[in-house]
Amino acid sequence: MSNDYSIALTSMPSLLSLYRKILLSRKPGWDQQPLPKIHVQADGIRLSDKKVRQYAEVCQFDYDGKVLPPTFLYVLAFRLHATIFTHKAITFPLLGMIHLKNSISLYRPIHADEVFNVECNLISSHTTDSGLEFELESKVYVGDELVWQALSTYLYRIESKGRRTRPPRASDMAWENVNTWSLADNLGRQYAQASGDYNLIHLHPMVSKRFGFDRVLAHGMWSKARSLAGLMQFIGDRPFKVDVEFKLPVFMPSDVTFAFESMENGKRFEMRDIKGRRPHLMGTMSYLD
């Protein structure tokens, strides 16, 4: 596979250092050009048991010290995403970008003591009415075996005069057996400590207010992980794929609701506001076997 840029890392980069670079750099904005293909790879990665346990606790996974929570490897993948975001060929800033969709495929249970090779590719970009959408594909290998894969869709928003955004509506799924989750005001800090994702929009109200929000926002991937934790009783050791769309932001502190229903090959689920009317996250979990 040929890439416009290819980066080989000798270790997993620190998100703190990458965010420092993001905050200090002055990128002019999108130059109206198609994004290049960028490939980043880091091999021989071992995990910290402490970080896995922190992550499992904040996302409410039942972690036995052996099998990883299925979304944990996104923590590694996102470090490579941030490496791409800070590349000289990306002319717009990371702050203010929106994570629209995320898909994760888990091909077998993954053990925390395995050694991982992680790669990420910026594979496509196109313009929409909202701005520039682009996709990053991430893969994790143990040796030559592909064990985990993800596709993330991001948006660099370009303001358009006269365009009015309608609030998203919940689906027609049966809203029964609803769980209510209370999100503490320190949830963003807890998730940041576990994942290394110290994006200030999730940590400091002064930054979130710059983007029009009164309070700090929960990490989107926390919402996905917390939702998946609520479905693990139905998954067990089966390979599966979980797709989500991020809708309305989740503020902290707040109460949210969560429910799911069965579909032909898995579950559909949503995280909504406390009244169960507006969706924060909509997703499906489907079995791969």
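Me: What is the order of the strands in the open sheet, and what makes two strands a pair?
Reply: The open sheet has eleven strands in the order 1-2-4-5-6-3-9-13-12-11-7, with mixed pairing. Strands (DSSP runs of E, at least two residues; helices are runs of H or I, at least four; both numbered from the N terminus) pair if DSSP finds at least two bridges between them. The model is predicted: local features need pLDDT of at least 70, side-chain atom pairs count only at pLDDT 80 or more, and totals for chains, interfaces and linings use all residues. Residues are numbered from 1 along each chain as its sequence is written, and side-chain values use heavy atoms, without hydrogens and water.

Me: Why are strand 1 and strand 7 said to stand at the edges?
Reply: Strand 1 (5–9) and strand 7 (179–183) each have a single partner strand, so one side of each is left without a neighbour in the sheet.

Me: How do you know that strand 3 and strand 6 pair?
Reply: Eight bridges join strand 3 (residues 98–106) to strand 6 (residues 145–157), running antiparallel, and the definition requires at least two; they therefore pair. Leu 106 has Trp 148 in strand 6 as its bridge partner.

Me: Which residues does Thr 83 contact, leaving aside its neighbours within four places in sequence?
Reply: Thr 83 is in contact (heavy atoms within 4.5 Å) with Ile 7, Leu 9, Pro 13, Leu 18 and Val 40.
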